[in-house]
Amino acid sequence: MKFNKIASAVILSMGMVAFGANAADPDQGSGSVTFTGSIIDAPCSINPESVDQTVELGQVASAALKNSGKSTPKFFDIKLENCSLDTEKDNDGNPVSANTVSIIFGGPEANDAKDLLAISGDGKGAGVAIEDMTGKRVTLGEKTGTQSLVAGDNTLQLTAYLMGLGDDDAIEAGAFQAVSNFTMSYQ
């Protein structure tokens, strides 16, 4: 009888040790995931890849920037998703809203005309030009030309290039960067 009690106690203790070992696995790595975004009052969502992007303008020879010269234009897109367009019509059957979009680009200006974005870094004597969907150079702080939207997904195609400021003696070699924020304007 004593042997049965001892055997039962040992078996029960071993089971508790095994259970405790499984319940407290060693930390094998952990972390967290943060999800961010915003809810906007607009007919279209902006694709996450379009919100924060980098356009590589490449290595531009200083000789290409002389006499207000420019680099090879690089294309970039702003993608709009899940566009839900206004379907209201006036008495003649025409849409009440034109269902178009334009963009307002902002940032520090490189020239008095406000059509070049200032660069920072070691490179000097140039600015970044942005052309809208219609091929017109953007004026910072003003609406671009408009583009018609369709229900669903839309892609706004733009270009950017580096352009000399006109003072050839001010051009200095070096790395640069320019940052522009954009705001969508639906009509």
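Before going on, a word on what is on your screen. This is a predicted model, in which local features need pLDDT of at least 70, side-chain atom pairs count only at pLDDT 80 or more, and totals for chains, interfaces and linings use all residues. Residues are numbered from 1 along each chain as its sequence is written, and side-chain values use heavy atoms, with hydrogens and water left out.

**Stop 1: the sheet**

Helices (H or I, at least four residues) and strands (E, at least two) are DSSP runs, numbered from the N terminus. Now widen the selection to the five strands of this open sheet, which run in the order β1-β2-β8-β6-β4 with antiparallel pairing. At the edges you will find β1 (45–46) and β4 (117–118), each pairing on one side only.

**Stop 2: the largest pocket**

Next, select Q53, T54, V55, A178 and V179, the closest to the centre of the largest pocket among its 25 lining residues. Its volume is about 790 Å³. A pocket is an open set of points on a 1 Å grid over the protein atoms alone, where a 1.4 Å probe fits, with protein on both sides within 12 Å along at least five of seven lines; lining residues have an atom within 4 Å of a point. Grid points are joined across faces, edges and corners, and the volume is the space filled by probe spheres set on them. Colour α2 (48–51), β2 (74–83), β6, β9 (176–177) and β10 (181–186): each gives two or more residues to this lining.

**Stop 3: the second largest pocket**

The second largest pocket has a volume of about 330 Å³. Its lining includes G37, S38, C44, D52, M184 and Y186. β1, α2 and β10 each supply at least two of the lining residues.

**Stop 4: two loop residues**

Finish with S68, in the loop between α3 (62–65) and β2. Its phi is near 60°, a positive value in a residue other than glycine. Then jump to K114, in the loop between β3 (100–106) and β4; this residue also is not a glycine and has a positive phi of about 60°.

How values were computed:
Two strands pair if DSSP finds at least two bridges between them.
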